[in-house]
Structures are given as structure tokens and as C-alpha cells.
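Here is a friendly walk through one model, written for someone who likes to keep the coordinates open while reading. Please have your viewer ready.

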Amino acid sequence: MTLNSAAEDELPDGPSFLRRLVFGGITLLGLYHGLKHLALAGILSQTGDTTLSSDTHVSLLVIAMLVAGVVAGTVNRRAELTGLLLALAASIFFLGPDLLHMDSIPEEWLLGVPTLLGIVGIIAGFAGRLMVPPAPNLPTFGRLDSQIVVRIKRPPARIAWLQLLLGVAIAVAGAACVDSIRHGLAYVFAGQASAFGARPLIAWQIGTLAALTGGVVTSYGNRGGLRQAVFAGLASGAGVALALATQADSTPSPVVDFWVYQLDLKNSGSLPYLVLGLTTFMATGLGAWFGGHILPNTDRK
């Protein structure tokens, strides 16, 4: 008697990635508009005002993004990637109309809103995958009287040094060249404000995005895991602090100015560089963690 070789556990263990993404988008859109109307009704009944502030719109979008990311991340092996794509779509639909009509929007939103939504989407997708995880891949068992023992050996996880160096270079270059990047963004968004990127907050956002991107590059598609993330974070944090400290002799970096202002210091000193290195370490580590989850273990060769 010959059994069919197509095993049941080889079938998809839930809705496809595209269907999860569409389901999350519908949840995001419906929940955002529902919360907006609910908040508007509350404000109208209390004050008689018929408009919501810009900060309220962002807060409602973050809440909707959190719920939609959790919903789309259930039974999803690419939950973190799904949350990131939902955040990208939400950022485009939220900021896109104002950019097309050349309406005035806060300059820091152009980088801050996509970054915030991206982080929320990744964390929400991960939370959804933990709440309702996909079915584990079970081994195929032979006959009870079989004497064959199958031992699966996976190669030990090694640190991809070349990939790590490339990611660290992206993080350090993004922080060191923040002025050039700001000038390029000012040219792209010239219709919004001629002085776009003049604030230290914009510079800090650019540096944080560079660290996140570098972290993703260090761990994308490999099994380095926690060691890869820790080494990438330490190297990026030390490299950024050293590069900006070297630049301070000629022109102080606006990223350092941001932390001087946040820490309420009269001069730069060494504390802003220490905080900068620590935040870069955290951002790069978060990016490395996400990069290691873009391709689930079942899809790696």
C-alpha cells in the first residue's frame, strides 16, 4: 500500500501573507476612521468644536496601527514585515495628501511619523505572532518498526562579519553625513519649507533611521541572532560617538546639539556622546532584531 506523499503539514497554516496584509489594512483604515469620529463626537459634545488637532490625528493613527499590527500578525510567520508594510502604507496615506497639495505640515513629521509608525507596527506584529503563533513545523515520522534514525544537524550560527561591517558603516555614515542628508531632503521637500531640516530634531531622526537601517542590514537573512545584534549595536554606538566627537573640532553635529538641548546642558562635554552611543546601540539592535525576523527560519536554506 502506497501513501500519498503530500503531507498535510506542508499546507499553509493560515491565511496567506497577502491576505493578512489586506486584512490588517482594512482593520487599520476602519479603526482609524472609527476612532476619529468617536473623538470628534466627544469634543463636539464637550466644547462644540468640530475639528481635531494634528496631534490627536497622529495619536489615533498610532492606536489604530497598534491594533491592526496585532491582528495582522496572528498566525503569520512574517508578522514583523507585515507590521512594517502596514506602517509604510499608513504613513503614505496620512502624509501624502498634504504633500501633494503643498499644505503646511510640521517638518519633523516627515521623518518622525513614519519612524514611529514603523516601530509600532513591528512591535505590534511581533506581539500578534506571540499571541497566536503559527503552527510549528513537525518532523515526518516513519513506521514504528523502522530502525532508521534521522538526525538533523544545523550548522552553528556564526556572525556574518562582512554584513555586520556594512550595516555599521550605514549607521555611522548616516550620523556623520546628517547635514548632507538634511540638505537633500530640503531640496526634495522645498515646497514645504525652505528651512526643512534646520532643527536638531530632524538630524536626530535621520541618525536614528540610519541606525535602524544599518541594524536591518547586519542581520537580514542570517541566523546570528542576539550576538549579531549586540555586536552591531556596540560597533555602531562606538563608531557614531567617535565620528561625531571627531567632527566637533570643526563643526558641532546637530545630532549632538539635540542631546545637549534634551539634557539641558550648557556645553557638549562627554555626556551627550555617551547618550548618543547608547541610543544608537538600542536603535541598531532593534533593527538587527527585525532584520533577523524578515525571513523566518522555515524559509532559510
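What follows is a short tour of a few contacts, ring pairs and backbone details.

This is a predicted model, in which local features need pLDDT of at least 70, side-chain atom pairs count only at pLDDT 80 or more, and totals for chains, interfaces and linings use all residues. Residues are numbered from 1 along each chain as its sequence is written, and side-chain values use heavy atoms, with hydrogens and water left out.

**The salt bridge**

Let's begin with charge. Side chains of opposite charge can pair when their charged atoms come close. A salt bridge here is a side-chain nitrogen of Lys or Arg within 4 Å of a carboxyl oxygen of Asp or Glu. Searching the whole structure turns up one salt bridge. Its partners are Arg129 and Glu80, whose closest N and O atoms are 2.7 Å apart. Because Arg129 sits in helix α4 (residues 109-131) and Glu80 in helix α3 (residues 79-100), the pair ties together parts that are 49 residues apart in sequence.

The cut-offs are under 20% relative accessible area for buried, over 50% for exposed and partly exposed in between, using a 1.4 Å probe and protein chains only.

**Where α3 meets α10**

Glu80 also takes part in a helix contact: Glu80, Leu81 and Leu84 in α3 meet Trp289, Phe290, His293 and Ile294 in α10. Contact means heavy atoms within 4.5 Å. The residues of this contact divide into five nonpolar, one polar and one charged. In that count, Ala, Val, Leu, Ile, Met, Phe, Trp, Tyr, Cys and Pro are nonpolar, Asp, Glu, Lys and Arg are charged, and the others, Gly among them, are polar.

How do the two helices cross, and at what angle? Helix α3 and helix α10 (residues 271-294) pack at about 110°, with their axes 8 Å apart. That makes α3 roughly perpendicular to α10. The axes are lines fitted to C-alpha atoms over the stretch in contact, and angles run from 0 to 180 degrees between N-to-C directions. Angles of 65 to 115 degrees count as roughly perpendicular, under 35 as roughly parallel, over 145 as roughly antiparallel and the rest as oblique.

Further residues in these helices are worth a click. Thr280 is placed in helix α10 and is buried at 7% relative accessibility. Not counting residues up to four places away in sequence, Thr280 touches Ala211, Ser236, Gly237 and Val240. Leu85 lies in helix α3 and is partly exposed at 30% relative accessibility. Leaving aside neighbours within four places in sequence, Leu85 is in contact with Phe17 and Leu21. Leu85 and Gly69 are 16 residues apart in sequence, and their C-alpha atoms are 9.7 Å apart in space.

**Aromatic pairs**

A pair of aromatic rings is described by the distance of the centres and the angle of the planes. Rings of Phe, Tyr and Trp (its six-membered ring) pair if their centres lie within 6.5 Å; planes under 30 degrees apart are stacked, over 60 edge-to-face and the rest tilted.

Phe126 lies in helix α4 and Trp289 in helix α10, so their pair ties together parts 163 residues apart in sequence. Phe126 is partly exposed at 25% relative accessibility, as is Trp289 at 26%.

Trp204 lies in helix α7 (residues 200-219) and Trp259 in helix α9 (residues 254-262), so this pair ties together parts 55 residues apart in sequence. Trp204 is partly exposed, with a relative accessible area of 28%, while Trp259 is buried at 13%. Ring pairs link Trp204, Phe258 and Trp259 into a cluster.

**Two positive phi values**

Most residues other than glycine have a negative phi. Val75, not a glycine, has a positive phi of about 50°; Val75 is in the loop between α2 (54-73) and α3 and is buried at 19% relative accessibility. Asp264 has a positive phi near 55°. Asp264 lies in the loop between α9 and α10 and is exposed, at 69% relative accessibility.

Technical notes:
Helix = DSSP H or I, 4+ residues; strand = E, 2+ residues; numbered from the N terminus.
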